[in-house]
Amino acid sequence: MPSSKNHLNLDRIPVRMEFLKDQSIKMDKVLNKLDKFVLDFVKVLKKHTDYVIVSGYVSILFGRSRATEDIDLLVPKMQEQAFLKLFKDLRTGFECLNSLDPKKLYQDYLCKNIAIRFSRKGKPIPNMEFKFAKTIVDYESLKEKLLVRIGKKELFISSLELQIAFKEIVLGSDKDLEDAEHLKTVFEKHLNMHKLKEYERLLKK
Amino acid sequence: MNKWFDKKKNMKERLEFVRFWAKYVREHPDKEWSEQQKVIIDSQL
């Protein structure tokens, strides 16, 4: 007779994404190529700086049935030396599509609020669109970021309410409206509607 | 409305499926929906 523990077989209990008390989200998804790319990238990035992932990938992470060629990433403004260290560390697995010269990237792109793109070596798609936070909305994304845990891996994404409001009010393409609708439906019972209205008001100004 | 294509109607139909799939994601184990999503994403990349 099997013991109750063996009989239960905990490995086979299906898991659904859930909000935890510490304001993080736990998931048990099967990772696709996009997820693996993002998780590998932020594993290096988090050793050097704070960050938040915004826009389309947030909806894709939570199940939207589409791919994307780029993932949008915001980082607080870094000093040049700190960026050079990050660049050196990223070069172990990634390459920058704009230039191989990190000083040029820092001065001619990032400091002028132009995004740079990193991909896996020799594979331009998918790529990470990396830029410094600039606007009040960018800094709000960093401040209100949400931790997502997938097994032992983790990443930071923008607050769901901010994502929805930004996609509906600022971006507004068919694809963005679909992304917003997806998040609203998946997280129907977890969204802070007061916060969502506040963001809508801010973005309509 | 364009003579050949009703964009508004098409968007309405697309949103209906978006809601259907999002409910599926919400109500099924992560492994179940993410295996289906992986097929689409990995094939496009």
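Modeller: An axis is a line fitted to C-alpha atoms, taken for a helix over the stretch in contact, and an angle runs from 0 to 180 degrees between N-to-C directions. Helices (H or I, at least four residues) and strands (E, at least two) are DSSP runs, numbered from the N terminus. This is a predicted model, in which local features need pLDDT of at least 70 and side-chain atom pairs count only at pLDDT 80 or more, while totals for chains, interfaces and linings use all residues. Residues are numbered from 1 along each chain as its sequence is written, and chains are lettered from A and ligands numbered from 1 in the order in which they are written.

Colleague: How do the axes of helix H8 of chain A and H1(B) cross, and within what distance do they come?

Modeller: The axes of H8(A) (residues 174-186) and H1(B) come within 8 Å and cross at roughly 35°. The crossing is right-handed; that word applies if the near helix is turned clockwise from the far one by less than a right angle, and left-handed if anticlockwise.

Colleague: Which residues make the contact of H8(A) and H1(B)?

Modeller: Two residues are in contact if their C-beta atoms, placed from the backbone, lie within 7 Å. On H8(A) the contact involves A:Asp174, A:Glu178, A:Glu181, A:His182, A:Thr185 and A:Val186, and on H1(B) the residues include B:Met11, B:Leu15, B:Val18 and B:Ala22. By class, the contact of H8(A) with H1(B) has 6 nonpolar, 2 polar and 7 charged residues. Here Ala, Val, Leu, Ile, Met, Phe, Trp, Tyr, Cys and Pro count as nonpolar, Asp, Glu, Lys and Arg as charged, and the others, Gly among them, as polar.

Colleague: How many residues of chain B are in contact with chain A?

Modeller: There are 23 residues of chain B in contact with 23 residues of chain A. Helix H1 (7-27) and helix H2 (30-44) of chain B are the elements that give two or more residues to this side. H2(B) supplies the largest share, 11 residues. The side of chain B that touches chain A holds 11 nonpolar, 3 polar and 9 charged residues.

Colleague: What is the mean pLDDT of chain B?

Modeller: The scale, the predictor's confidence in each residue, runs from 0 to 100. Chain B has a mean pLDDT of 92, and 98% of its residues reach 70 or more. For the complex, the predictor gives an ipTM of 0.91 and a pTM of 0.90. Chain B has 2 helices and 0 strands.

Colleague: Why is A:Ser55 called buried?

Modeller: A residue is buried if 20 or more other C-beta atoms lie within 10 Å of its own, exposed if 12 or fewer, and partly exposed in between, with C-beta atoms placed from the backbone. A:Ser55 has 23 other C-beta atoms within 10 Å and is therefore buried. A:Ser55 lies in the loop between strand E3 (52-54) and helix H3 (56-61) of chain A and has a positive phi of about 70° although it is not a glycine.

Colleague: Why does A:Asn113 count as exposed?

Modeller: A:Asn113 has 12 C-beta neighbours inside 10 Å, so it counts as exposed. A:Asn113 is in the loop between helix H5 (102-109) and E6 of chain A, and its phi, near 60°, is a positive value in a residue other than glycine.

Colleague: What makes the peptide bond from A:Ile125 to A:Pro126 cis?

Modeller: Omega of this bond is near 0°. A:Pro126 is in strand E7 of chain A and is buried, because 23 other C-beta atoms lie within 10 Å. Beyond four places in sequence, A:Pro126 touches several residues, including A:Leu34, A:Phe37 and B:Leu45.

Colleague: How do you know that E7(A) pairs with strand E6 of chain A, and in which sense?

Modeller: Two strands pair if DSSP finds at least two bridges between them. E6(A) (residues 116-120) and E7(A) have 5 bridges and therefore pair, in the antiparallel sense. A:Arg120 stands opposite A:Lys123 in E7(A). The hairpin of E6(A) and E7(A) has 2 residues between the strands, and its A:Gly122 takes a positive phi near 80°.

Colleague: How many bridges join strand E4 of chain A to strand E7 of chain A?

Modeller: There are 6 bridges between E4(A) (residues 70-75) and E7(A) (residues 123-132), and these strands run parallel. A:Leu74 has A:Lys131 as its bridge partner in E7(A).
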